[in-house]
Amino acid sequence: MRPRERLVVVGHGMAAARLVDELVRRAAPYAITVIGDEPDPAYSRVLLSAVLERSHRGADIELRSAGWYADHGVRLVTGQRVLRVDRDRRDVWLADGTRHGYDRLVLATGARPLLPPIHGVVTPDGLHPAVHAFRSMADCRRLDQAASGARRAVVVGGGLLGLQVARALSVRGLDVEIVEVGPALMGRQLGPAGAQALARGVRGLGTEVYTGARAVGFSDSGLRLDNGFVLSADLVVLACGSRPATRLAQRSGLMVRRGVVVDDRLRSVSDDHVYAIGDCAEHRGRVHGFVGPAWDQAVALARTLTGSDRAYDGSRVVARLQATGLELAVLGDPERAVGERVEMANPLRGSYRKVVLRDGVLVAAVLIGDLSRIGVLTQHYDRRTVLGQTEAAWLLHGDASAPADAEVPDDVEVCACAGVSAGRIRSCRDRADVVARTRATTGCGSCSDVVDLLLPTPTSGRPHSGALLATK
Amino acid sequence: MTDTHCPYCSLQCGMRLTGGRGRTTVEAWPEFPTNAGGLCRKGWTSVDLLGHRERLTSPLVRDPATGELAPATWPEAIARIADEIARAQGAYGLDAVGVFGGGGLTNEKAYLLGKLARVALRTSAIDYNGRWCMASAATAGQRAFGLDRGLPFPLADIAETDVLFLVGSNLAETMPPATRHLDTLRAAGGQLVVVDPRRTPTADRADLHLQPVPGTDLALAHGIVHVLVAERLVDERFVTDRTTGYDDVRRLVAGFWPEQVERVTGVPADDIRTAARMLGQAAHAMVLTARGAEQHAKGTDTVLAWVNAALAAGQAGRIGSGYGCITGQGNGQGGREHGQKADQLPGYRRIDDPAARAHVAAVWGVEPETLPGPGRSAYEMLAALGDSDGARALLVFGSNPVVSAPNATRIGARLDRLDFLCVADIVMSETAARADVVLPVTQWAEETGTMTNVEGRVILRRKAVDPPPGVRSDLDVIADLATALAAPGEFGRDPETVFDELRQASAGGPADYSGIDYARIDAEQGVFWPCPQPGHPGTPRLFLDRFATPDGRARFHAVEHRAAAEEPCVDYPFHLTTGRVLAQYQSGAQTRRVRALAAAGQAFVELHPVAAQRLAVADGAAMRVTTRRGTTVVPARVSTAIRPDTVFMPFHWVGANLLTNDALDPSSRMPEFKVCAARLEPA
């Protein structure tokens, strides 16, 4: 028997964990090795802010135990960096000096947080003790600990992650402020009206927002902004976005633009034996930073690695804020998407909704404050449903107003069990007569109240109009 | 006056029949606890089936010269069947004759039919339409609890719980008299959660209605367990003391946070959290699934995911709590216990278990080696008809697969490839119309027999009137065939005699009936199995001390969510789901012939107003509904009760199942009736 091909996965985040899951489920014929630089087992990175908020414990977001890997014949190496890839010899070198040969290599190295140039946040020993990044479980633990003794926090960055961290700290009881260099919170996704609704929501929860302000220095007196404000803070969280972790790929001579450039098989355009998925990959000029596309890519690559020739043709992204008290979803790229825009704002409710349609297909949307339609919107978006002309309005508005009360027509069925109309009930004298002549009320019994309303009342002798059941 | 039970669903409501044939009337039997005197319109009108003008009263045999069915005597018909069986088995082997049973047959008939197949025909080719009904829940129940009984408690217990989850059940329409228990529950302050893509009359009663995309119930359950874990609502003590497998599920659901599940299921994340809190914070809760969750190519795993939810919340194995399945057909429960299922012998024994084979063979007076092994499941048996290793001759009892099978065009074509088809029924069903021999048999009030209802309660459906002249019981037919085939052993004709034999055959099995007899059922208004000896009180509530697994613990299962076998696309943009309506029952062979019901229940396709606007159709317009397998035209019913991305059709007419998908669950072999991709256009 031919020995199984060796598959080495560099990285142990959500993309890598999903890839291994899918390969195991398909009984893929590989000897798999997974090498992660974090010491922890795989976990749901998107839930780190929930751990910080303490709506989840750290253990609750673990995806797979080390034992699971062993049970399924997967070699797991944690807490180890890969220093280089030797593409000629096809092996990877680890920091501890060991080498792992591969027949196929998957880069799932994720992304690194961007650290803005703020004077004083970086010291020769690393980040200033009061300054935090928020990407890994280790970051989360460090911040979690710091949050317990802190009163005031400033979050630098008003994007999705910044908002989630700000909410988490706020739920923990800290006074939180957000500093965003751009003109609005999530400005690139939301546009002015949406961003305004969001900012109102955030402020309503007690978190102050400074937009168009750059943090320039950090010292014991606080975080200094370029507009002259100094925000006092026991801790500062940097949530200024991230950049694909491509250093290893670059050093190995693979083509890298923003991410590791891959084709529709998620294969490096420079080397047939190397693949890249997740936040580190660049496909058709796009890099993501969300778990949805990372999982799509993991599934697509598992398919490819088990013999399918189905191409990966990109992902549809839904960015969903996970933060107590804030309702926000962004589908696609509403500011740049080409198409007709339909929007509705209700400042009284703090809600804002927008859909972008092209040729009847939903290509982007924003929902803030009222997500009652999200379960339909995302389905239409993911399935590229061709909608009718009036549907956008329905998606934004909700149901038409309830019909007005009216007398129940005689032909309306009152007792579904026995199939009895209002007219037949009206023709009866009393409950006993109803039971004897129509069997109504004898099945599930739930029509009893309505039947009583339709019968002549003992006092007036006149039947009630039965208006109360008109909307049923 | 006769106390008996309704001919239809698994509730088996007690009813009182008075008057003789032709003037029989239905009255309430208030003392019977399951329905306490309540009946739905199907029950009230059921006597219209007695003396119905379409009733078959003579055997019919197809004349090879004219191709027409013509009346024949019983001996002629039986002789013809025996000849055809001998011819098929002589030419192609024992498995060339298949038997297809039904979940509406009494325990006695189901038992004797299995015996006929294994002893007289010696064929492995026997299965029944319950495979399309209960099989996913049955398989899941065995895996999770070591035993499958629809409800592990009496139905009335649901009024005593605090939170009731109904997953894919439209109880208020499919079994209206059960709804009074929901109302009692709510009147006492209990809460109801309904999971259904449609806002059904059941969902109208709910405190919380979750409206998922068809085929995503599994992910929804994972989302609920995720929240239970995160919010410390897992009953750690119960999990430790009474279950195994929790850790794998805990990690699996880490990837199912509410916003992720919202994307998959179309259920808002906050509703998922609310549902989980209701389940997790309740002192007592029950999770009941029905066909909506079960009739999927991942039906077994979907049920297991909901069992996980119940177990994580500690809601099983004690009074007022538990997981249960709401059985569909009248004898959906008993019908799967006594040997008409391809892999089973009486007493819910496995046919590949040597000890089970030895026990049953001894009762039947044959050698264990002569019993065939497991055969194909229902859909696979029908899909192989006419193949070199499939059946060439088929005997159908109490089933109408031309209407009820998925991808029905394919099954119709397969039936046409048979050398011989025999159907025993009360009327000329769509399947009987294709038969070479049609046998007129008795129906519910014309015969006595036991049924096992949704509760696992064995009840006695008593004879109230004499059958029309010319009609015989299925038991007579089976016994006549056994005689004509010179089968070894006895084939009783008297129901009570057959039941006594069934008791012996079931003794020691999981569904042990040996302590139950007709007199006890009479005296006790039914007896719950298992009832392993005459003095035993029966078992209304299972699992109170231990689950039926070897180690006594219930099992969590780390089941994977996956997409439906067929997802919507540009050409077929809607999810199509199917189900029952109040006025009709199953393939409609009975209810479509009751005038009051036929008028109330017509075929339709339900769609949301925005979908109707998109298609430029109004309520009542003729719609062509098309899938990759077939097409049909039905009137539109425009309703806000359904998701805008989903359409619904009732399945009681030829039409719906021309469209449905025959993708099968890998374990239960349940077809994916509940979701496929469809196109709609004005007809």
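Residues are numbered from 1 along each chain as its sequence is written, and chains are lettered from A and ligands numbered from 1 in the order in which they are written. Because the model is predicted, local features need pLDDT of at least 70 and side-chain atom pairs count only at pLDDT 80 or more, while totals for chains, interfaces and linings use all residues.

**Confidence in chain A**

The average is 90, and 94% of the residues score at least 70. Select residues 399-406 of chain A, where the pLDDT is below 50; beyond near neighbours in sequence, this stretch has 8 contacts in the model. A contact requires C-beta atoms, placed from the backbone, to lie within 7 Å.

**A sheet in chain A**

Next, display the open sheet of 5 strands in chain A, ordered S11-S18-S12-S13-S14 with parallel pairing. Strands (E, at least two residues) and helices (H or I, at least four) are DSSP runs, numbered from the N terminus; two strands pair if DSSP finds at least two bridges between them. S11 (131-133) and S14 (208-211) of chain A stand at the edges with a single partner strand each, so one side of each has no neighbour in the sheet. Within the sheet, S12 (152-156) and S18 (235-238) of chain A pair over 4 bridges. Select A:Val156 to find its bridge partner in S18(A), A:Leu238.

**Where the chains meet**

Show both chains: 42 residues from chain A and 41 residues from chain B make the contact. On the side of chain A, strand S23 (318-320), helix H9 (374-383) and helix H10 (391-397) each supply at least two residues. H9(A) gives the most, with 7 residues.

**A helix in chain B**

Finally, select helix H15 (354-364) of chain B, whose buried residues include B:Ala356, B:Val360 and B:Trp364. A residue is buried if 20 or more other C-beta atoms, placed from the backbone, lie within 10 Å of its own. The buried residues of H15(B) pack against helix H3 (107-121), strand S14 (344-345), strand S15 (349-350) and helix H20 (495-506) of chain B. Just after H15(B), B:Gly365 takes a positive phi of about 75°.

Conventions. A residue is buried if 20 or more other C-beta atoms lie within 10 Å of its own, exposed if 12 or fewer, and partly exposed in between; C-beta atoms are placed from the backbone. Two residues are in contact if their C-beta atoms, placed from the backbone, lie within 7 Å. pLDDT is the predictor's confidence in each residue, from 0 to 100.
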